[in-house]
Amino acid sequence: QVHLVESGGGSVKPGGSLRLSCVASTNINNNACMGWFRQAPGREREPVAGVHTDLNTKSYTDSVKGRFTVARVGDTLYLQMNNLKPDDTAMYYCATTGGYCSWSSDLLDHFLYDYWGQGTQVTVSS
């Protein structure tokens, strides 16, 4: 069982930055996948970014490309968010497969992930 705890959310003005962190309770293999998802009120959960450490591959949803950067360091997953926009307002969740994740996996597919954190709120408003 893997427990994930997110932190770093908050309220910022448009154009501001935040860095989210997600710490795993146990060691996660480098061949696992990890990702960030978000859900705004009244909207479906959507992918944000994912990373496969062993393959050195990362994926981003189109709306955050060039503004967000995902990175994994050991058992911690980060999401650096720059030039934030009001549409980025949501609860942000991290997720992991925990175990092996194949090279062909879609990092932005929420069905890929077995373990989820409780979320951290990001609010972007002037």
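Are C33 and C101 buried or exposed? C33 is buried, and C101 is buried as well. The structure discussed here is a predicted model, and every value below is computed from it.

**Disulfides**

Searching the whole structure turns up two disulfides. The table sets out both links.

| Disulfide | Sulfur–sulfur distance | Angle about the S-S bond | Handedness |
|---|---|---|---|
| C22 and C94 | 1.8 Å | 40° | right-handed |
| C33 and C101 | 1.9 Å | -85° | left-handed |

C33 and C101 form the link with sulfur atoms 1.9 Å apart. Because C33 sits in strand β4 (residues 33-39) and C101 in the loop between β9 and β10 (115-116), this pair ties together parts that are 68 residues apart in sequence.

C22 and C94 form the link with sulfur atoms 1.8 Å apart. C22 belongs to strand β3 (residues 18-24) and C94 to strand β9 (residues 90-96), so the pair joins parts that lie 72 residues apart in sequence. Both C22 and C94 are buried.

In soluble globular proteins, nonpolar side chains tend to be buried together. In this model, the largest nonpolar core holds 28 residues, and W36, L79, M81 and Y92 touch the most other members. Two or more residues come from each of β3, β4, β5, β7 (68-73), β8 (76-81), β9 and β11 (120-124). Strand β3 gives the largest share of this core, four residues. Another core lies apart from it and has six residues, among them F37, C101, L107 and Y113.

**Cavity**

Rolling a probe the size of a water molecule over the atoms shows where empty space is left. Counting cavities of 30 Å³ or more gives one. The largest cavity contains about 40 Å³ of space. Which residues line the largest cavity? Its lining is made up of R38, Q39, A40, R43, E44, E46, D87, T89 and A90. By class, the lining residues divide into five charged, two polar and two nonpolar.

R43, one of the lining residues, is placed in the loop between β4 and β5 (46-52). What is the relative accessibility of R43? The value is 46%, and R43 therefore counts as partly exposed, as the limits for that class are 20% and 50%. A90 also lines the cavity. R43 and A90 are 47 residues apart along the chain, and their C-alpha atoms are separated by 9.4 Å.

**Backbone at N83**

Where is N83 placed? N83 is found in the loop between β8 and β9. Its phi is near 50°, a positive value in a residue other than glycine. With 41% relative accessibility, N83 counts as partly exposed.

**Summary**

The link of C22 and C94 is right-handed, whereas the link of C33 and C101 is left-handed. The largest cavity, of about 40 Å³, has five charged residues in its lining.

Key: Residues are numbered from 1 along each chain as its sequence is written. This is a predicted model: local features need pLDDT of at least 70, side-chain atom pairs count only at pLDDT 80 or more; totals for chains, interfaces and linings use all residues. Side-chain values use heavy atoms; hydrogens and water are left out. A disulfide is a pair of cysteine sulfur atoms within 2.5 Å. Buried means under 20% relative accessible area, exposed over 50%, partly exposed in between (1.4 Å probe, protein chains only). On a 1 Å grid over the protein atoms alone, a cavity is a set of points where a 1.4 Å probe fits but cannot get out, and a pocket is an open set with protein on both sides within 12 Å along at least five of seven lines; lining residues have an atom within 4 Å of a point. Grid points are joined across faces, edges and corners, and a volume is the space filled by probe spheres set on the points. Ala, Val, Leu, Ile, Met, Phe, Trp, Tyr, Cys and Pro count as nonpolar, Asp, Glu, Lys and Arg as charged, and the others, Gly among them, as polar. A nonpolar core is a set of buried Ala, Val, Leu, Ile, Met, Phe, Trp, Tyr and Cys residues joined through side-chain atoms within 4.5 Å.
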